[in-house]
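Today I am opening a new model and jotting down what I look up, one topic at a time.

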Amino acid sequence: MKQPPIIWTNVLLFSITTLVAAIGVPWYALTIGFGWFEIIATIISLGYCGMSITAGYHRLWAHKTYEAQPILQYIYAIGGAFALQNSALHWAADHRVHHRHVDNNDKDPYSAGRGFWYSHIGWMLRDYAGDNKCDYNNARDLQKNTVVMWQHRNYLWLAIATNFGIPLLLGIVSGNILGMLLSAGVLRLVLSHHFTFFINSLAHIWGKQPYTEQNSARDNGLLAFLTYGEGYHNFHHIFESDYRNGIKWYQFDPTKWFIKAASWLGLTRNLRIVPEELIAQAKAKMQLQRAKERVKQRPNAEQLLQLLEQEYELLLARMQDYYQLKKQLLLERKELLVAQYHAVDFKIRYQEFKHHLQLQQQHWQRLVTAFS
Ligand SMILES: [Zn+2]
Ligand SMILES: [Zn+2]
């Protein structure tokens, strides 16, 4: 079969930056050496690029898991251009297709079914989409977003300005332009690229599937470290409207922590989470499926299967009772809080009115005494 034409801009960009990061950076480190300023600036720039993709491109724009103030959206838009991963509109449209047709080798733009290389970077090196290029029809909501469209129209100059301008500016400040261009410029870009690309490749190949086996997505704590929390990809593919990817407190999901912390400052709101009951049900269903597979080999399989089914039904019933009561309890707690608030408000008003009355009584007494 004839291969689609090579996209030379992408091939050259990835090759040159990788070569510089693999040869130029170690050479510079060994011969001249990087200072603390370059190292810290590189780590911060890397974090800024990564979080703009995970919190901005992915969880805000592609999945609408929360809402963000325009100022934060502009910060994401600039960071996304700095990460050099195409415009948010293009990225989110592609990503929505990925979720909709996950693992479909013809429709999923970076289907893991086509292997590690293809899903990691290969899909960007040739014009695989051809005539079926994304027309952004699945991102009409984003076409109405002024920040997204501003970035889309100005993407090229934003990408050039951030990728050359930021390291150059930092280099002027530190007095070491070449060192900064190599570290916060090239090394940061290459690491940022591959850390994100791991979500499409490794997060669909390596890890556990606690919630669903309907697609290849996997939960991988180690990968979560490199991807700002996106490593919990099995959870994400089944519950994509949830602003969290790592739902347990001990799971490493700095993107979730950032979105939550930003809500306390009023920068984000309406953070969406999937009801706890649905998550527990999905997990139990998966466990039942796996246990059934294992039990099938046993001599008393029929009996064991029946027992599993019975216990599973009982578990679901108990879950329903528990979560219903929990919901009621939360509602009552909320009502109690409102009542307490009203009581406090009432007390304050009572004191205020009492004070007003006392003042007026004194005033009145003075007045009537004057006329007596
Ligand atoms: Zn996603
Ligand atoms: Zn995926």
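Which helices do the buried residues of helix 7 pack against? I looked this up and found helix 2, helix 3, helix 4, helix 6 (140-143) and helix 8.

**Ground rules**

I note that this is a predicted model, in which local features need pLDDT of at least 70 and side-chain atom pairs count only at pLDDT 80 or more, while totals for chains, interfaces and linings use all residues. Residues are numbered from 1 along each chain as its sequence is written, and chains are lettered from A and ligands numbered from 1 in the order in which they are written.

My helices are DSSP runs (H or I, at least four residues), numbered from the N terminus. I call a residue buried if 20 or more other C-beta atoms lie within 10 Å of its own, exposed if 12 or fewer, and partly exposed in between, with C-beta atoms placed from the backbone. Contact, packing or touching means that two such C-beta atoms lie within 7 Å.

**Helix 7**

I listed the buried residues of helix 7 as Val147, Val148 and Gln151. They cover an arc of only 100 degrees around the axis, so they sit on the same side of helix 7; the arc is taken from the directions from the helix axis to the C-beta atoms. On the face turned away from that buried side I found the exposed residues Thr146 and Arg153.

**The nonpolar cores**

I then turned to the cores, each a set of buried Ala, Val, Leu, Ile, Met, Phe, Trp, Tyr and Cys residues joined through C-beta atoms within 7 Å. The largest has 30 residues, of which Tyr57, Trp61, Ala88, Leu89 and Ala92 touch the most other members. At least two residues of this core come from each of helix 2, helix 3 (70-82), helix 4 (88-100), helix 7 (146-153) and helix 8 (155-174). Helix 2 gives the largest share, eight residues.

I checked Trp61 by itself: leaving aside neighbours within four places in sequence, Trp61 is in contact with Gly56, Ala88, Ala92, Leu142 and Val148.

**Helix 2 against helix 9**

How do helix 2 and helix 9 pack, and at what angle? I read an angle of about 35 degrees between helix 2 (residues 36-62) and helix 9 (residues 177-200), with their axes 9 Å apart. The axes are lines fitted to C-alpha atoms over the stretch in contact, and angles run from 0 to 180 degrees between N-to-C directions. The crossing is right-handed, that is, the near helix is turned clockwise from the far one by less than a right angle.

Helix 2 makes the contact with residues including Ala41, Ser45, Cys49 and Ile53, and helix 9 with residues including Met180, Ala184, Leu187 and Leu191. By class, I noted nine nonpolar, seven polar and two charged residues in this contact. In that scheme Ala, Val, Leu, Ile, Met, Phe, Trp, Tyr, Cys and Pro are nonpolar, Asp, Glu, Lys and Arg are charged, and the others, Gly among them, are polar.

Leu181 is also found in helix 9. Is Leu181 buried or exposed? I have it as buried, because 21 other C-beta atoms lie within 10 Å. Not counting residues up to four places away in sequence, Leu181 touches Pro167, Leu168, Gly171 and Val186.

**Two positive phi values**

Asn86, in the loop between helix 3 and helix 4, has a phi near 75 degrees, positive in a residue other than glycine. Asn86 is partly exposed, with 18 other C-beta atoms within 10 Å. Tyr136 is not a glycine either, yet has a positive phi of about 65 degrees. I placed Tyr136 in the loop between helix 5 (116-120) and helix 6.

Asp253 lies in the loop between helix 11 (233-238) and helix 12 (254-264). Asp253 counts as buried because 24 other C-beta atoms lie within 10 Å. Setting aside residues up to four places away in sequence, I found Asp253 touching Ala224, Gly229, Tyr232, Arg244, Asn245 and Gly246.
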